Amino acid sequence: MAEQQQQFYLLLGNLMSPDNNIRKQSEETYDTIVGQTKITFLLQAIRDASAAEEVKQMAAVLLRRLLSSSFEEIYPGLTLEMQTVIKTELLTSIQHETSPNIRKKVCDIAAELTRNLIDDDGNNQWPEVLKFLFDSVNSDNVSLRESALHIFWNFPGIFGNQQQHYMEVIKRMLVQCMQDQDNPHIRTLAARAAASFILSNESNTALLKHFSDLLPGILQAVNESCYQADDSVLKSLVEIADTAPKYLRPNLEPTLQLCLKLCADTNLTNMQRQLALEVIVTLSETAAAMLRKHTTIVAQSVPQMLAMMVDLEDDDEWAMADELEDDDFDSNAVAGESALDRIACGLGGKIILPMIKQHIMQMLQNPDWKYRHAGLMALSAIGEGCHQQMEAILQEIVSFVLIFCADPHPRVRYAACNAIGQMATDFAPTFQKKFHDKVISALLQTMEDQSNPRVQAHAAAALINFTEDCPKSLLIPYLDSLVQHLHVIMVAKLQELIQKGTKLVLEQVVTSIASVADTAEEKFVPYYDLFMPSLKHIVENAVQKELRLLRGKTIECISLIGLAVGKEKFMPDASAVMQLLLKTQTDFNDLEDDDPQISYMISAWARMCKILGKEFQQYLPVVMGPLMKTASIKPEVALLDTQDMENISEDDGWEFVNLGDQQSFGIKTAGLEEKATACQMLVCYAKELKEGFVEYTEQVVKLMVPLLKFYFHDGVRVAAAESMPLLLECARVRGPEYLTQMWHFMCDALIKAIGTEPDSDVLSEIMHSFAKCIELMGDGCLNNEHFEELGGILKGKLDEHFKNQELRQTKRQDEDYDEQVEESLQDEDENDVYILTKVSDILHSVFSSYKEKVLPWFEQLLQLIVQLICPSRPWADRQWGLCIFDDVVEHCSPASFKYAEYFLRPMLQSLCDTSPEVRQAAAYGVGVMAQYGGESYRPFCTEALPLLVGVIQAADSRSKENVNATENCISAVGKVMRFRPECVNVNEILPHWLNWLPLNEDKEEAVHTFDFLCDLIESNNPIVLGPDNANLPKIFLIIADGVANESVKSEDACSTRLANVIRQVQVSGGLWTQCVSTLNETQQKAIQDLLNTA
């Protein structure tokens, strides 16, 4: 045994070896040792006084990991005796270990073991550990008190279901340790343990209240520990602000005062000052309403953020740098700017802008460039949060900022470009409409700053922001001058690239050209030949590694110009460009995974596909390999606990989510954006190529279905959802059997995703796609299990909808409720209603596919839908509830009448509702009753008619907000006359109905009205035609307007019938002249178009 133990020590030593191979080999050997043996050896190593410190440390880390990751596999299988040995050994080791570092690590093991020994009912199956805690915390031995606090900090849930019983004891223990005058270290640990306990009980309001008197002690420990170069308690305070902000309420003033004091103290490290500021900023996000009551302190924190932003280095090399290194995220300047951005978004412009405006104005007049730079960067940072308030004074801000484009210091000019770029995005398109002339000329001038390439590049970047959101008509007058400037700079920078190898400005200018072309579209055709040869030259020759980004951006530029100028102009170059791209593509396998060209290539392919259409199919065999490879990237992930976290930093491309309980989930984000782009492009191919993509549908479906659960990136899940109905369309050509197989592969996953998707934007996409799939597949596509699961999920969504509304009502009663809270509640409400519209989409697709067969299934949802149309519900609920009943009538009649008692009265009453959306849904319902409802609905059509006429004849019935509801009423009157003439005096209503035509807004209903009009004309209805065809000029006018408004499309059946009416008049000369003479030029052209196409 002793010999084996020695070998094990050797193995532990090798596990720490700096040599990769030795380490890898040792890890493999370690993994083969059985769990129980591992535990024995590791425990022995930890207790062995003669073993080297780092070996003992390694053993402790491994034992904790073993218990955390493989507890269920190993521990329950151990003998009772072995389990007792482990528990006893750990507690003995804590009592006798002399090295504080090892002792701490053994406490972590004990905490980890206890965490796993709390059973499902909350019983702690290791009562000795609790006794040990009580004994140690009251012991005279400082290291034992430390150990007890450390275990409690690591696992505050250690009391399990006995917590309530021990509440006073816990509180007394913490207070006593926080007041330990002789041992500052104990005070610090006790404060951290108290914070940890608060965080693990964040939702227990009574407990938070009961423990609120511990906060002054925690704050005192924050202050003390910061000056002992320890920021652990301050970090705990940030966590409380994030997770349990309400806990701070009784002592919010002193909390904020302390943070402000620490932030302002330049003797502390940057990190500590930033953390102190982080508490205030986090509160602006998690408890904005609470913080808005303390505006004085917020106002004092703003100059602190600005002071941090002034903390810049003088750097003579700055303006000439050709590589843009990433911002130094630890720097005060970046931290100050980010804090400002977040607090403006959190508290809103009403509060922040008045606080900061004066400061910024003073900074901009300061002779020191750092202040002017910070002032401009601050303006960029608050744009999003202070949007409304800045919009009102935009004129003043912009004229001021533009002055600094000519500032003597290059970094101030850079910051001015930054502010312009940011405002162009934040305030689009108002910014472009109001300031286009001044901004474009200022940026073009700044771009000529040859001696400061970094400023030039940033001016080009601001120009990109400006043109991206610029309405085409505004940009056209500047096109000539823009293009000439960009061309001159591109030629000059190409020379520089050849002579000196500098590329920074060229990278930006190429994108500026692309952005101008993208906005100008076909107006860019005259300049095509000016740029294309140089751009192709760059792609052919920029092959060195350091030019990868330039080459990628140039590929993007070529494909965007191609898309802008259209197939005809681009075609002569298309195959040459494709060959260039294919050459990169064939070298693709040699590209490194993080090569920036990859994502540019993938997007360029998709644009080429849009330009070439079906002709792109020939390139698929070359394109799909790399695209599938990128779309299949699997990110590196890891489950880490707090101790492991200390060794990994976020700078290595890792991001972490705190899962609580001392655990974090880490993901390496490299490649995620590329994966999302690749998935989006697969969607684009399926959409553009349809059956031309059929060869690839199978592999794409197999990739996409599992990605509905890819929770690391929303964009990937959205693409996966979007692809489903498109892939079914592509696969149609393979026949019904193949299609059904593919649908079966998707269906379960889609339904499950609707049940589990956490993000509401992604959820709405998945629901929308599912509805489209059902419409595509039709009757029989869902089996009983599907229906059962879907019913449960939709019921859940509706229940959640009502519950969320109640929650919002509760928040309106909260003591911190104010108008900004109301704004965010309104946003939540809109989100909720959007999900409701998707529930309606799914039900629509089920009703239209299954007809009345699906009604028994629908009954489980019936009461919830009835609840939606109660008069007391918000208008959006009533609108969508009525829409669902409209579908029941339209697709499930006459059987729908058995539910009439639930919806008919509310529907008729809703015809006169104050909300136009509700009126529209009700009017549509009356129309489908007449058309599809059957005999039982006759009396209700009669009753509805005068109500419909009343809405149409109301004074403001054609105003913008009312017109859609009114047009639905007009259409419904038409449907009653057409399908239920016995319910109405047709001869009396018809002349009025003619006067109400045509419908201009609701294109779908317009088709119904034109169909009926054709019926009436073709049957020579005397009322419609009038005596001696006197009404024909009026009918011509209606038809002409309908065509001009695109309410009649050439593919509609009624367009041929309308054209025939016109042709009949054409042959009788006098009547024709009379009809045409009343029409204006647009209307005459519309009649001509109709004759030519129909």
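Good morning, everyone. What you see is a predicted model. Please keep that in mind throughout.

Let's begin with the whole chain. It has 1094 residues, and 56% of them count as buried. Along its principal axes, the C-alpha trace spans about 115 × 80 × 60 Å. How many helices and strands does the chain have? There are 54 helices and 3 strands.

Next, the domains. The assignment gives domain 1 at 1–125 and domain 2 at 159–280 + 288–305. Domain 3 covers 475–587, and domain 4 covers 997–1093. The centres of domain 3 and domain 4, taken over C-alpha atoms, are separated by 50 Å.

Now the salt bridges. A search of the whole structure finds 53 salt bridges. I'll walk you through a few.

Start with Lys171 and Asp213. Their closest N and O atoms are 3.1 Å apart. This pair links distant parts of the chain, 42 residues apart. Lys171 is in helix H9, residues 163–178. Asp213 is in the loop between helix H11 (205–210) and H12. Is Lys171 buried or exposed? Lys171 has a relative accessible area of 13%, so it counts as buried.

Arg292 is buried, at 11% relative accessibility.

Asp816 is in the loop between H40 and H41, and Lys293 is in the loop between H16 and H17. This pair is 523 residues apart. Asp816 is buried too, because its relative accessibility is 5% and the cut-off is under 20%.

Asp816 and Lys293 also belong to a network. Salt bridges with shared partners join them to Lys246, Arg249, Asp814 and Glu815.

Which residues form the negative surface patch? They are Asp311, Glu313, Asp315, Asp316 and Glu317. Take Glu317 from that patch. Glu317 lies in the loop between helix H17 (295–309) and helix H18 (332–347). Glu317 is exposed, with 60% relative accessible area.

Last topic: the backbone. Most residues other than glycine have a negative phi, and most peptide bonds are trans. So exceptions deserve a look.

Two cis peptide bonds come up here. One runs from Ser893 to Pro894, with omega near 0 degrees. Pro894 is in the loop between helix H43 (875–892) and helix H44 (900–910). Another runs from Leu997 to Pro998, with omega near -5 degrees. Pro998 is in the loop between helix H48 (986–996) and helix H49 (1003–1018).

Now positive phi. Ala229 is not a glycine, yet its phi is about 60 degrees. Ala229 lies between helix H12 (215–227) and helix H13 (232–243), in a loop. Ala229 is exposed, at 71% relative accessible area.

Glu1046 also has a positive phi, near 65 degrees. Its loop runs between helix H51 (1032–1044) and helix H52 (1053–1067). Glu1046 counts as exposed, at 52% relative accessibility.

That's my tour. Thank you.

Terms used. Residues are numbered from 1 along each chain as its sequence is written. This is a predicted model: local features need pLDDT of at least 70, side-chain atom pairs count only at pLDDT 80 or more; totals for chains, interfaces and linings use all residues. Side-chain values use heavy atoms; hydrogens and water are left out. Patches are made of residues with over 30% relative accessible area and no salt bridge: like charges are joined within 9 Å, nonpolar side chains (Val, Leu, Ile, Met, Phe, Trp, Tyr) within 5 Å. Accessible areas come from the Shrake-Rupley method with a 1.4 Å probe; for residues, only the protein chains shown count as cover. A salt bridge is a side-chain nitrogen of Lys or Arg within 4 Å of a carboxyl oxygen of Asp or Glu. Lys and Arg count as positive and Asp and Glu as negative; His and the chain ends are not counted. The place of a charge is taken as NZ of Lys, CZ of Arg, CG of Asp or CD of Glu. Helices (H or I, at least four residues) and strands (E, at least two) are DSSP runs, numbered from the N terminus. Buried means under 20% relative accessible area, exposed over 50%, partly exposed in between (1.4 Å probe, protein chains only). Domain bounds come from an automatic or database domain assignment.
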